[in-house]
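User: I have a model open here and would like to talk through how its parts pack. Could you walk me through it?

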Amino acid sequence: MNTVTRTVSASYTTTDVEKVVLRLKADFRMMAESTGAWSLEEADRYAHDVEQLAKKGYLAWVDVTHLEGTTELQAVKYHVDTDAGSFTSSRPGGVRWDKVSGAWLRIVLRYTADYDADAKDAMKSKLKVSWSPTNDDTSHASLSGSDGRNYTSNSFGLQRKDWKK
């Protein structure tokens, strides 16, 4: 069993990451089905890459925004927490967004400092999506933020924040 340890008080296994990402994957699939902006296969590819990057400690956060043109309709951001042992894990949900003609979903990943050129080369064959750099604003200033859900297993977790109009 591969164990990743970040601090003395925070340890988790790759199985913990897999359990947490299953909840994120359920969210991605709900977004895909409700908006029609992604196929289920596309949602699964994104979740796969999130899992691969998180297992190696390369993922800081994931942001998914529902847009109509350039107007934000709603968004979620999942922050990686490697000391989440005190959080209560939630069930996936709350992301059945309205289907809006012409709307689309944007996903943005933020990597940790450890994701350097060597790490990128090593991960290339493990990822299913060709990720490219972006300068897109993910502050969601036009939306109102609220606490979302926590997805945790042992000390690995994703803290989700939700934004809506």
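User: Which way does α1 pass α2, left-handed or right-handed?

Analyst: In this predicted model, α1 passes α2 in a right-handed crossing. The contact is made by residues including V17, V21, L24 and F28 of α1, together with residues of α2, among them L40, A43, Y46 and V50.

User: And at what angle do the axes of α1 and α2 cross?

Analyst: The axes of α1, which spans residues 14-35, and α2 cross at roughly 155° and come within 9 Å. Because angles over 145 degrees count as roughly antiparallel, α1 is roughly antiparallel to α2.

User: Switching to aromatics, how many aromatic pairs are there in the whole structure?

Analyst: A search of the whole structure finds 8 aromatic pairs. Y58 and Y115 form a tilted one, with 5.1 Å centre to centre and 45° between the planes. This pair links distant parts of the chain, since Y58 lies in the loop between α2 and β3 and Y115 in the loop between β5 and α3, 57 residues apart.

User: Why is the pair of Y111 and Y115 called tilted?

Analyst: The ring centres of Y111 and Y115 are 4.5 Å apart and their planes stand at 40°, so the pair is tilted.

User: Is Y111 buried, exposed or partly exposed, and what about Y115?

Analyst: Y111 counts as partly exposed at 28% relative accessibility, whereas Y115 is buried, with a relative accessible area of 10%. Y58 is buried as well.

User: Which residues do ring pairs link into a cluster?

Analyst: Ring pairs link F28, W38, Y46, Y78, W131 and Y151 into a cluster.

User: What sits over the ring of W61?

Analyst: The charged end of K77 does, 4.1 Å from the centre of that ring.

Technical notes
Residues numbered from 1 in each chain as written. Predicted model: local features only at pLDDT ≥ 70, side-chain atom pairs only at ≥ 80, totals over all residues. Heavy atoms only, no water. Phe/Tyr/Trp six-rings, centres within 6.5 Å; stacked < 30°, edge-to-face > 60°. Helix = DSSP H or I, 4+ residues; strand = E, 2+ residues; numbered from the N terminus. Buried < 20%, exposed > 50% of the residue type's maximum accessible area, 1.4 Å probe, protein only. Lys NZ or Arg CZ within 6 Å of the ring centre and 35° of its normal. Axes fitted to C-alpha atoms, helices over the stretch in contact; angles between N-to-C directions. Parallel < 35°, antiparallel > 145°, perpendicular 65-115°, else oblique. Left-handed = near helix turned anticlockwise from the far one by under 90°. Contact = heavy atoms within 4.5 Å.
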